[in-house]
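Subject: Structure handover

Hello,

Here is the structure we discussed. Please open it alongside the notes that follow.

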Amino acid sequence: MKVMFRMGFVRLVLVAGIVWMLLILSVLLFHVWSCQSSVAFVSAICNRESRVIKILDTMGIVPQPQQLQQTQHRCPLPLANNPNRVAIPSGRTPDKIVANLHYVMEDEEINNSSKSPPLFGGRETWSQREESFKLNSTMKVHCGFIRNGGAEMDPIDIKYVKKCRFVVASGIFDGYDTPHQPSNISQQSKKLFCFLMVVDEKSLAFIKSNVTVRKDDDGGQWVGIWRLVLLKNSPYDEPRRNGKVPKILTHRLFPQTQYSIWIDGKMELIVDPLLMLERYLWRGKHTFAIAQHKHHRSIYEEADANKRRKRYARPLIDLHMKIYKYEGMQPWTPEKGNPSDVPEGAIIVREHTAINNLFSCLWFNEVDLFTPRDQLSFGYVVYKLGGAFKFFMFPNCEYNSIFVLHPHTREHSSKIEWVKNMSEFEGKGSILKESRGGLGLWTPYPGNLNEVVLPPVARTSKAG
């Protein structure tokens, strides 16, 4: 009987161990599946599984956060538990470097005899560009919105946004999307935040023909929680460049706003915005947060990927990078102190401080002058400001846990994206050139770029 008892006990222990391991494996597999899922409800579960993962972590079963961040598409967000208990700062972060920031409002004609219409970004000279990176307590810089340059907001919307201290902003241009309603939004956030969807005239017409648009008593137009904000007279020929106006110049569109969260129009927000501010700004005393790119850390890697994926004319991307290389921009190394020179720009969390507003202006000016690929310019502006601009670059797996990605209603493609060499712009090919943006690529540069050799690029992923 003793022998039989011992054998039965051993079998019981073995069976219990197998069941326990199967349970752990099932939990881990469900966690990985939910974090990879594109279904909003299931994806949201990923952000609420952290307690289970923490329990398993204490048993030494789960990989460390750094390993998870490197391998997972999504990972649990370290959010506060209750938005009603989030302490909102009462004041503003002091402006210690730039105290007074002013903007160029009138277009300056290079040739007085020229009758060219004003440009939205202005006609910034190479010397003005260089001066704009020299920090002073009082500064005046180009920052879009040149008078009569386009992107005019309706007076009804101007009046409405004046009350918005907290903003979730998004944008749809050229009719590529319809607004996606955010989920998991607390009542506290619904009271605090204005949800502003910036659209051009073509997108407004497209939205009205595909979804229900409600008008309030003041004439404001709504799709669900989103207040539509119309920008009349698009400033650029290229829709991608138009989309950079509300994305980067949020502080110019909504000057009374103190905190903003930008999310691209093709994304559905699935995280409470107040919890996002607490996680990405207030907890670590940051004022600007953006995600690290999943694949690239050097702008030269990102430029190579942009050429392979036909995001803009290849020779113009090369010219853009040669200018940055000539001006001293080196490939990313750990010694730079930042996780990467390349962000995922689809989500930006920021407080509208003077230094952040200046950074946004300078970032936008680069997008206006060169290619519309803002990921190529971000690290360059950080470099030019010499460490004065502080930001929090959070893990890419957290970035992917903030939203559900929806496909565009149609694919975007411009003829300029297919250009392989400069000769294609000659003769009849001149119509491929943008007439109101990227003019720095066609303005003689005050330096010899012929001897500039771009750094070699190691292609780290098929995704590019």
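How many of the ten residues of helix 15 (residues 375-384) are buried? Nine of them are, so helix 15 is largely enclosed by the rest of the structure. Please keep in mind that this is a predicted model.

The buried residues of helix 15 are Gln-375, Leu-376, Ser-377, Phe-378, Gly-379, Tyr-380, Val-381, Val-382 and Lys-384.

Next, a helix pair. Helix 12 (residues 299-308) and helix 13 (residues 314-326) have axes that come within 9 Å. Those axes cross at roughly 170°. An angle over 145 degrees counts as roughly antiparallel, so that is how helix 12 and helix 13 run relative to each other. On the helix 12 side, the contacts come from Ile-299, Tyr-300, Ala-303, Asn-306 and Lys-307. Helix 13 meets them with Arg-314, Ile-317, Asp-318, Met-321, Tyr-324 and Lys-325.

Then a strand residue. Ala-289 sits in strand 11 (residues 288-292). Ala-289 counts as buried because its relative accessibility is 0%. Leaving aside residues up to four places away in sequence, Ala-289 touches Tyr-280, Leu-281, Ile-347, Ile-348, Val-349, Phe-392 and Phe-394. Glu-351 is 62 residues from Ala-289 along the chain, and their C-alpha atoms are 9.2 Å apart.

Last, the surface. Ile-18, Leu-22 and Leu-25 make a nonpolar patch of about 290 Å². Of these, Leu-22 belongs to helix 1 (residues 2-36).

Best wishes

How values were computed
Residues are numbered from 1 along each chain as its sequence is written. This is a predicted model: local features need pLDDT of at least 70, side-chain atom pairs count only at pLDDT 80 or more; totals for chains, interfaces and linings use all residues. Side-chain values use heavy atoms; hydrogens and water are left out. Helices (H or I, at least four residues) and strands (E, at least two) are DSSP runs, numbered from the N terminus. Buried means under 20% relative accessible area, exposed over 50%, partly exposed in between (1.4 Å probe, protein chains only). Contact means heavy atoms within 4.5 Å. Patches are made of residues with over 30% relative accessible area and no salt bridge: like charges are joined within 9 Å, nonpolar side chains (Val, Leu, Ile, Met, Phe, Trp, Tyr) within 5 Å. Accessible areas come from the Shrake-Rupley method with a 1.4 Å probe; for residues, only the protein chains shown count as cover. A salt bridge is a side-chain nitrogen of Lys or Arg within 4 Å of a carboxyl oxygen of Asp or Glu. Axes are lines fitted to C-alpha atoms, for helices over the stretch in contact, and angles run from 0 to 180 degrees between N-to-C directions. Angles under 35 degrees count as roughly parallel, over 145 as roughly antiparallel, 65 to 115 as roughly perpendicular and the rest as oblique.
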